[in-house]
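Here is a short briefing to read alongside the model. Please keep the sequence and the 3D view open as you go.

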Amino acid sequence: MASLLFFTFSLVFLLSILHGTSSLPIVGVTYTPTISTVATAANPLPPPPPPPDRVSSTINSLKFPSVRLPNSDPSIIRAFAYTNTSLLLSIPNTFVPALAANRSLALRWLYRHVLPFYPRSKISLISVGNDIFDTTPDFSPFLIPAVRNVHLALHDLGIRKISVSTTFSFFNIITTAFPPSSAQFQEPAGSLIMKPLLQFLEDTNSSFLVNLYPYNMYRLNSEIPLGFALFQDYPFNFRDDLVTGVRYKNLFDMMVDAVISAIAVAGHENIPVVVAETGWPSSGADASEVDATPAFAEMYLKGLVAHLRSGFGSPLRKEGVAEAYIYELVDKEVKGTRSWGILHQNMTMKYNIQFSNGCKNGVGLRILSIIVVPLIGFLVNLFFVANG
C-alpha cells in the first residue's frame, strides 16, 4: 500500500512538472513596416523596410514564437510559411463599418490575407480593429457585427482554428487601475459593447486583447515609483489592494488584474487575456520624457520577460496573461516620436536580452522530457519489482 501511494504521488508530481512547463505565457513581438512617403529636413526619408524574408528570419533567430502584424501585409504573412511562428493579424479600423454591413467583404479580406497562406503560415488570431474607441469612436457601434461577420466568414471557408477578437487600449476602457479589484469597464461602452463582446469571446473560445503600457500609467501618476513600473525588487516597492488584501510588486500585474477584475464584474471569469502591445520607449517625443531612455527600456523588457517566464502569473489569475506582445521589433527613428523598437533601423540589437520563451518554445520542455520521462519509467519498474 505504501509503495502504491509513493508511486502515485511521484508520478503525479513529475507529470505536473511537465504540464507546468507548457503553460507559460507566450512572449511575442509586434512588427509594423516603416511607411513614409514624404521627406522633410527634420525627418529625412527613412530607408525602405527590410525584405519580408529577412524580417521572418530575424524574428526566428530571436526565438519569438508569435508575431503581431497590425498591417497584415500579405508578403510578410507569406514569409512566415513553415516557420511555426504564430501570427496575430489585424484588420484596420476603417474596414469595420463595411465588414459589419456585409459578410462578403469579410470573405474578401480573408481571401487576400488568410486563405492563400493558411495553414502553412500559422495564423492563430485576427483582431478586428485596434483601439477603436480612441482612433475612430464613431465606428464603435459597428464593432460587434464586424467581429461576428469575420468569425462567420472563417466558418464559411471551413476554418475553425483561427480565433477572432478586437483590441482595446487600457486607458480607454478601464475606470481605474488601483485598486485593481475596483476596476470596471467605462460606460456606456461597458454595457453596449463589452458585455456582448465578452459573451462572444466566451462562446467562441477567443481572447480579450488589450494594449497595456505601464510607462504611460507611470507618466500620468506621479505617486507611482519608477522601480515599481520597471519590475525592480526594491524595499517598499509594492502596493496593497486593501479591498482584497493582495500585494502588488509591479505595475504590469496591477494593470492586468484591473482588466481581469473588469471582465469578472461583467460576468466572465475565464476568458484569456492577451496583452497586444506593451513596452518602454528608449527615447521620448520631447525633452520632458526624461525616463524614456535605453537603460530603462532594457530594464522594463528584461523585467517583463523574466516575470512572464517565472510562471507566477498575476495575483488574481495564477496563469496570468496568455500572451504578451512587445512593442515593437524595429525603431521608426522619426524625430518627434517615441522609439519603441528592440532593434535599430538597420536590424541590429539595441539590448542584451534573451527573448526566447523558455519552455514555451519547446526547448525547455524537451530537456525536461529527457530527464522526467526516464524517471517515470524507473518508477514504474520499481513499483512492479516491489509488488512482485
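Contact here means heavy atoms within 4.5 Å. This is a predicted model, in which local features need pLDDT of at least 70, side-chain atom pairs count only at pLDDT 80 or more, and totals for chains, interfaces and linings use all residues. Residues are numbered from 1 along each chain as its sequence is written, and side-chain values use heavy atoms, leaving out hydrogens and water.

**Arg-338 and its surroundings**
- Arg-338 sits in the loop between strand S10 (323–326) and helix H14 (363–386); helices (H or I, at least four residues) and strands (E, at least two) are DSSP runs, numbered from the N terminus.
- Beyond its neighbours within four places in sequence, Arg-338 is in contact with Tyr-215, Asn-216, Arg-219, Pro-281, Ser-283, Gly-284, Ala-285 and Glu-289.
- With a relative accessible area of 26%, Arg-338 is partly exposed (buried means under 20%, exposed over 50%, partly exposed in between, with a 1.4 Å probe and protein chains only).

**The chain as a whole**
- The chain holds 14 helices and ten strands.
- It has 388 residues, and 51% of them count as buried.
- Among contacts with a separation of 6 or more, 73% join residues 24 or more positions apart.

**Helices H7 and H9**
- Leu-143, Ile-144, Val-147, Arg-148 and His-151 in H7 meet Ile-193, Pro-196, Leu-197 and Phe-200 in H9.
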